[in-house]
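Please read the report below alongside the sequence and the three-dimensional view. It goes through selected residues, a sheet, the nonpolar cores and the aromatic pairs in turn.

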Amino acid sequence: MKKTFMLLLCVLLVHWVMAQNTFVAKVINNQTKGALKGATATIPDLKISLSADTAGIITITNIPNGKYEIEVSYVGFAKSEKVYSFPAQHAEQPIIIGLEPSGGELAEVTVQTTRTNQNLRDIPTRIEALPLEELDEKSTMRPGDIKMLLGEATGIHVQQTSAVSGNASFRIQGLDSRYTQLLQDGMPLYSGFSGNLSLLQISPLNLRQVEFIKGSASTLYGGGAIAGLVNLISKVPEKDPELTFMLNGTSAKGADASGYYSQKWQHIGTTIFGSYNYNGAYDPSGTGLSAIPLTKRFSINPKVFLYMDDRNSGWFGVNLTAENRLGGDMQVIDGKPDDIHQYFERNKTTRFSTYLSFTHKIDGESRINFKNAIGYFDRTLSEPGFDFKGKQLSSFSELNYVRNGGKASWVAGVNLVTDHFTAQPPQSSFNYDLTTLGAFVQNTYKANNWFSLESGLRLDENTPAPAKPSSGLFILPRVNALFKITNDLSSRIGGGLGYKMPSLFNDESEQEGYRHIQPLNIGATRAEQSYGLNGDLNYRSALGDEAFINVNQLFFFTRVNRPLILQNNSFINGPGYLNSKGAETNIKLVMDELVFYLGYTYTDTKTHFNGLSMPQTLTPKNQLSFDATYEIEGICRFGAESFYTAPQLLSDGTTGKGYTTFGLLVQKMWKHFDIFVNAENLTNQRQTKWAGIYTGSLTNPNFKDIYVPLDGAVVNVGIRVKLLNRAH
């Protein structure tokens, strides 16, 4: 018996020893090939973390058999996150892990929009990302909303839809805003009736990243992404707490106050964001009409994060936004109407949303995610003699499975989207219910070091169904390829199908104010269907130890069949198709503390109806932007920017004037507070300087297309107080 026991003990001991593995890696700068002393390797599942020695060598012992994700990080470099299998072949040989310098490198970020949470440079789908460092600068320029943040992105054009209320939407690659999805943390809520004011009601202070996909992306999140999507990624609590307040005032009678708090404990965390935004009615041109309306807005967004154990985590949040926006005749806004001064536009809105996200980690490669969002939106639009009141209740639910393997990654899932709109009489005929049930699968296959392929397929069923041929059922394939031609040169080529269910909530309805718009019969109107193609070349290289250059050249093409057009106050399918094609050029040069950025967009968008070709209105063919920033981290920042917008065809058949704007930013940082001064449109370009903005009388104005800013030069001054600093 004793011998048997000793033999069994020896067998167990040998098995235990054999089950303990060693991970040896050398961490280097992928640009210079030099060792990174002090780099850190972490195995989250085992709660192990070690640092590299002077030669950049990391050795982790006593790793059990299995698959584990190992994170390798170094200050100033992009993190490496890969899954390794143990026992490993050739375990005695160190693994070379090259990290890319992150200074000025927008591509070296982890993106969420494709659901795989992979490094941007390894994803075949072309994604652009604005990381926290750039959002920090943008938040000082316009703390109250994201209108400027989106408007300064290449290929995106912000279009003002009201002359006196400031309402605006955005177009990607020349396509109407109804073809673009706006997401918050991967959940599409801002669409339809609630999407028209979303740009003006979202603050950038609690965002940590913004991701753009241009071109058909319907396979990712369903219909409506013919032009692309924008995903706003919120901040999450970190180990170090953060408490930040921002106060801002503008020369255009504006004032903003906002605060953000976050902290993470062992099993729970929280973020809380709140803001109050005020703007007095502003008329810099003396037209008697508000270029900026009287605005009062309050927002609160608390979230609770739960970290149950190593495998289960999630969060729940709510968002409440209430706004009262009054534009029009300045005398009416001041409460002194008379027989002549009567015109006004009032927007009263309430937005309430709930968000839920839960993740179960199966192992180092696989996880299950569940997301749910419910949105309530109440809006009253009032004009003299007319009120439009409506309520929207929408929801989004998704269950997906993600597997990130060494060669292939898979995402498969199902989602349910509901949209219920109710208008008060006499507009009850605008009421609708729309339900979309979707299933999707996508695969990313890394064939070798130089070629990766991402393919996806989505099946959507819509109820009620539009008119034939699709009858509510849409099959949407998508494919993208990544070619890493050299270490410095890569290319992405892709395309896919898309669709958009018929809806009367779009830019044209906003411009008309819904007063004369006729109800839409979804069952008698065809869905808009599209196909899109895009391809790019991306070159990036180090220019010495402290300089980088990144050049990206994109070409795009999208065709939309039977686009909805407004004819005699009714939306009908156009007798043909719409084409949008063009190119984007982005050049970024980083020279230590000095950064230069040049962006150019060429857009050619035309309708082809009944054999006739016509350019699309309010779509500039050429846009050029230049930005220069000098920053000493933690001390100061200086920035200068300029934007040129080419002439645009207007709806009355005339051509608007091209214009150039210029801006400056100065920011001084200390440990616990920043002071910033920002000036926009210093060239004081205003449409009212060379043309009227309405015809008819001041009592009953008929507004023209707005294609140039109306507020002119605006200077804002603010202070950001950081009572608790997050470690960087």
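Glu323 lies in strand β19, residues 312–328, where helices (H or I, at least four residues) and strands (E, at least two) are DSSP runs numbered from the N terminus. This is a predicted model, in which local features need pLDDT of at least 70 and side-chain atom pairs count only at pLDDT 80 or more, whereas totals for chains, interfaces and linings use all residues. Residues are numbered from 1 along each chain as its sequence is written, and side-chain values use heavy atoms, with hydrogens and water left out.

With a relative accessible area of 4%, Glu323 is buried (buried means under 20% relative accessible area, exposed over 50% and partly exposed in between, with a 1.4 Å probe and protein chains only). Its side chain makes a polar contact of 3.1 Å with the side chain of Arg325; a polar contact is a pair of N or O atoms within 3.5 Å, of which, within protein, one must be able to donate a hydrogen and the other to accept it, and residues adjacent in sequence count only if both atoms are side-chain atoms. Not counting residues up to four places away in sequence, Glu323 touches Leu200, Gln201, Thr295, Lys296, Arg297, Asn347, Lys348 and Thr349, contact meaning heavy atoms within 4.5 Å.

## Asn415 in strand β23

Asn415 belongs to strand β23, residues 408–423, and is buried at a relative accessible area of 4%. The side chains of Asn415 and Arg458 are joined by a polar contact of 3.4 Å. Beyond neighbours within four places in sequence, the residues in contact with Asn415 include Phe396, Ser397, Glu398, Thr436 and Phe440.

## An open antiparallel sheet

Four strands form an open sheet in the order β3-β2-β5-β6, with antiparallel pairing; two strands pair if DSSP finds at least two bridges between them. The edge strands, each pairing on one side only, are β3 (48–51) and β6 (80–86), and the twist averages 25° from one strand to the next.

Strand β2 (residues 40–43) pairs with β3 in the antiparallel sense over four bridges, and the bridge partner of Thr40 in β3 is Ser51. β2 and β3 form a hairpin with four residues between them, and Lys47 in the turn has a positive phi of about 55°.

## Nonpolar cores

The largest nonpolar core has 32 residues, and those with the most contacts inside it are Ile146, Leu150, Val210, Phe212, Val230 and Leu232; such a core is a set of buried Ala, Val, Leu, Ile, Met, Phe, Trp, Tyr and Cys residues joined through side-chain atoms within 4.5 Å. Among the elements that give two or more residues to this core are α3 (147–151), β13 (207–214) and β14 (228–234). Apart from it lies another core, of 23 residues, among them Phe377, Phe505, Tyr514 and Leu564.

## Aromatic pairs

The whole structure holds 23 aromatic pairs, where rings of Phe, Tyr and Trp (its six-membered ring) pair if their centres lie within 6.5 Å, and planes under 30 degrees apart count as stacked, over 60 as edge-to-face and the rest as tilted. Phe388 and Phe430 form a tilted pair, 5.6 Å centre to centre with 55° between the planes. This pair links distant parts of the chain, 42 residues apart, with Phe388 in strand β22 (residues 386–404) and Phe430 in the loop between β23 and β24 (432–446).

Phe388 counts as buried at 1% relative accessibility, and Phe430 counts as buried at 6%. Ring pairs also link Phe388 and Phe430 into a cluster with Phe193, Phe377, Phe421, Tyr432, Phe505 and Tyr514.

Key:
Axes are lines fitted to C-alpha atoms, for helices over the stretch in contact, and angles run from 0 to 180 degrees between N-to-C directions.
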